Amino acid sequence: MNKSELIKALAEKKKLHVDDSTKIVSAFVDSIKEALVRGDRVEIRGFGSFKIKDYSGYTGRNPKTGDMVKVKPKKLPFFRPGKELKEFING
Amino acid sequence: MSGQTLTKAGIVDYLYEKTDKNRAEIKEMVETILEIMKQAVKNDHALLVSGFGKFEAYDKKARKGRNPQTNETITLPPRKVVVFRLSRKFRSELNP
């Protein structure tokens, strides 16, 4: 499933206009993204939680050429599925 | 790092500011979105949210494990696990 199918499914289930549904799904995703960009945790009961991990930069090597490369510090989000989601998927 | 946590209540507040719906309606819609997302991960094994990332369910084989407290050997059953892969767009938003 992709985002537009998610929008359609919500519109059908809640008898919404697709424009309305698009707004809601987009704002839902934005709320999570904005929180993570701020460095906040996100915890959605029954679904899972997200948290940002900070990686410091380091000087690595390209294994093929042996060249030194500087790897910049980065932030990556991690998702931990909730208990309910795990059980649901395996049920 | 601010140390705040966004929960369902916070998502509902956010949507309340952005739409003309009331809180009860929004709460229901958030629950419905999560329900659809769960179904999609289960039935399609993948849910792609453009600009954010992809939730994927994949199969893990059964493997032998050990209870570290009792040292008992147990067989962990095959199961499905869910992983999140972030999109390039979101990755660059996190690392401007």
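Which residues do ring pairs link into a cluster? They are Phe47(A), Phe50(A), Phe79(A), Phe52(B), Phe55(B), Phe84(B) and Phe90(B).

This is a predicted model, in which local features need pLDDT of at least 70, side-chain atom pairs count only at pLDDT 80 or more, and totals for chains, interfaces and linings use all residues. Residues are numbered from 1 along each chain as its sequence is written, chains are lettered from A and ligands numbered from 1 in the order in which they are written, and side-chain values use heavy atoms, with hydrogens and water left out.

**View 1. Phe47(A) and Phe55(B) form an aromatic pair.** Rings of Phe, Tyr and Trp (its six-membered ring) pair if their centres lie within 6.5 Å; planes under 30 degrees apart count as stacked, over 60 as edge-to-face and the rest as tilted. Here the geometry is edge-to-face, with 5.5 Å centre to centre and 75° between the planes. Phe47(A) comes from the loop between strands S1 (41-44) and S2 (48-55) of chain A and Phe55(B) from strand S3 (residues 53-60) of chain B, so the pair joins two chains. Strands (E, at least two residues) are DSSP runs, numbered from the N terminus.

**View 2. Phe52(B) pairs with Phe55(B).** This pair is tilted, at 6.4 Å centre to centre and 50° between the planes. Both residues are buried, meaning under 20% relative accessible area (1.4 Å probe, protein chains only).

**View 3. Lys38(B) lies over the face of Phe88(A).** The distance from the ring centre is 5.5 Å. A charge sits over a ring if NZ of Lys or CZ of Arg is within 6 Å of the ring centre and within 35 degrees of the ring normal. Within chain B, Arg23(B) lies over the face of Tyr16(B), at 4.1 Å from the ring centre.

Conventions: Helices (H or I, at least four residues) and strands (E, at least two) are DSSP runs, numbered from the N terminus. Buried means under 20% relative accessible area, exposed over 50%, partly exposed in between (1.4 Å probe, protein chains only).
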